[in-house]
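Please keep the sequence and the model at hand while following it.

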Amino acid sequence: THLFGASSFLERAISADRVPSLILWGPPGVGKTTLGRIIAERTKARFIPFSAVLGSIAELREIVAAAQESKDYRGERTIVFVDEIHRFNKGQQDAFLPHVENGTITLIGATTENPSFAVNAALLSRCKVIRLEALNEEALVEVLTRALNDSTNGLGASGVEAGSDVLSLIAQSAGGDARRALTTLEAIVEDAARKKMTRLTRDHLAEFIERAPLLYDKSGEEHYNVISAFIKSMRGSDPDAAVYWLMRMVEAGDDPLFLLRRMIIFASEDVGNADPQ
């Protein structure tokens with residue numbers, strides 16, 4: 001909701017059918033792909049998904065050729081949606097440049113990584129970065145309620161109901177990720193339907209709800225954010241925070257030797273200089 005409003009950039013751009021190339025940056029399950037599809041639907045553009053993992057330069061050339069033909073003969077614009085654009089190497093990203101620059105295609109890239117590091121500068125300068133935030137509990141409950149009541153595209157045909165307290169618990173367990181919340185709801189409703197239950201209960205949730213994995217990676221931006229928080233907690237003499245960040249890295253499977261090295265460096269540089277004896 002923070003991206004849309006009467007005077008927001010995206011609302012004006014979509015309404016005027018003047019959407020520029022975009023990089024949608026945010027955590028998993030917050031609606032990056034959905035937003036790309038909505039933009040294509042509202043602007044009447046052709047929407048072509050392109051996989052950063054499976055797509056090739058040859059496939060991109062075919063897409064560009066078809067986009068040029070659509071533009072020249074039908075006046076139709078083409079939106080190329082690239083999920084996980086951070087997985088593109090420099091050569092693949094450079095292949096988009098001339099076509100984005102001359103307007104043959106409108107590029108919408110989605111990424112969970114900071115675009116400043118994940119997307120090369122030339123391509124980034126031709127795109128507007130849109131930051132999506134993790135969904136709050138209220139928004140997730142709204143998504144879950146809609147899914148539960150929708151008989152056509154959702155779970156309404158199952159005849160299973162749920163109170164707001166149950167939906168709130170599912171939302172809390174999802175960690176801001178709508179995809180995780182919907183997957184959990186679907187599994188619980190299917191199980192309830194098999195057991196001839198008509199209403200979900202808190203007791204029924206116990207076996208399905210797992211704690212959401214902590215946002216972490218072993219080499220990307222979040223890795224350095226967390227190790228930095230760990231060092232700053234020790235530097236600020238906050239043992240509770242230091243143990244929290246340390247255990248977060250341990251639980252995420254980080255290399256213990258990496259953590260020990262950082263603690264030895266900290267002991268040498270911070271404690272050592274403060275009290276050499």
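## Aspartate 191 and its surroundings

Leaving out residues up to four places away in sequence, aspartate 191 touches His204 and Phe208. This is a predicted model, and in it aspartate 191 belongs to helix α9, which runs over residues 178-194. The side chain of aspartate 191 also takes part in a polar contact of 3.0 Å with the side chain of lysine 195.

Aspartate 191 counts as buried because its relative accessibility is 8%, and buried means under 20%. Between aspartate 191 and serine 158 there are 33 residues of sequence separation, while their C-alpha atoms lie 11 Å apart in space.

## Threonine 106 and isoleucine 105

Threonine 106 is placed in strand β4, which covers residues 106-111, whereas isoleucine 105 is found in the loop between α4 and β4. Threonine 106 has a relative accessible area of 10% and is therefore buried, and isoleucine 105, at 2% relative accessibility, likewise counts as buried.

With residues up to four places away in sequence set aside, threonine 106 touches Val19, Pro20, Ser21, Arg77, Thr78, Ile79 and Val80. One of these, arginine 77, also makes a polar contact with threonine 106, side chain to side chain, at 3.5 Å. Under the same exclusion of residues up to four places away, isoleucine 105 touches Ser21, Ala67, Thr78, Val80, Phe96, His99 and Val100. Isoleucine 105 and aspartate 94, which are 11 residues apart in sequence, are 14 Å apart from C-alpha to C-alpha.

## Nonpolar cores

Which residues of the largest nonpolar core touch the most other members? In this core of 22 residues they are Phe50, Val80, Val82, Ile85, Phe96, Leu107 and Leu123. Two or more residues of this core come from each of the elements β2 (46-51), α3 (57-74), β3 (78-83), α4 (90-101) and α6 (121-124). Apart from this core lies another, made of 21 residues, among them Ala162, Ile170, Ala171 and Leu200.

Leucine 123 can be followed in more detail. When its neighbours within four places in sequence are left aside, leucine 123 is in contact with Ile85, Gln93, Phe96, Leu97, Val100 and Leu107.

## Serine 8, ahead of the helix α1

Serine 8 is located in the segment before α1 (9-15). Its side chain reaches the backbone nitrogen of glutamate 11 at a distance of 3.2 Å. Is serine 8 buried or exposed? Serine 8 counts as buried, because its relative accessibility is 15% and the limit for buried is under 20%.

## The chain as a whole

The protein chain contains 13 helices and seven strands, and its C-alpha trace spans about 80 × 55 × 40 Å along the principal axes. Of the 277 residues in the chain, 39% count as buried. Among contacts between residues at least 6 apart in sequence, 72% join residues that are at least 24 apart.

The chain exposes about 15800 Å², of which carbon and sulfur atoms supply 52%. As for charge, the chain carries 31 positive and 38 negative side chains, with the centres of the two sets lying 5 Å apart.

Technical notes:
Residues numbered from 1 in each chain as written. Predicted model: local features only at pLDDT ≥ 70, side-chain atom pairs only at ≥ 80, totals over all residues. Heavy atoms only, no water. Helix = DSSP H or I, 4+ residues; strand = E, 2+ residues; numbered from the N terminus. Buried < 20%, exposed > 50% of the residue type's maximum accessible area, 1.4 Å probe, protein only. Polar contact = N/O pair within 3.5 Å; in protein donor to acceptor, adjacent residues only side chain to side chain. Contact = heavy atoms within 4.5 Å. Areas by Shrake-Rupley, 256 points an atom, 1.4 Å probe, with all protein chains shown as cover. Lys, Arg positive; Asp, Glu negative; His and termini not counted. Charge placed at Lys NZ, Arg CZ, Asp CG, Glu CD. Core = buried A, V, L, I, M, F, W, Y, C linked by side-chain atoms within 4.5 Å.
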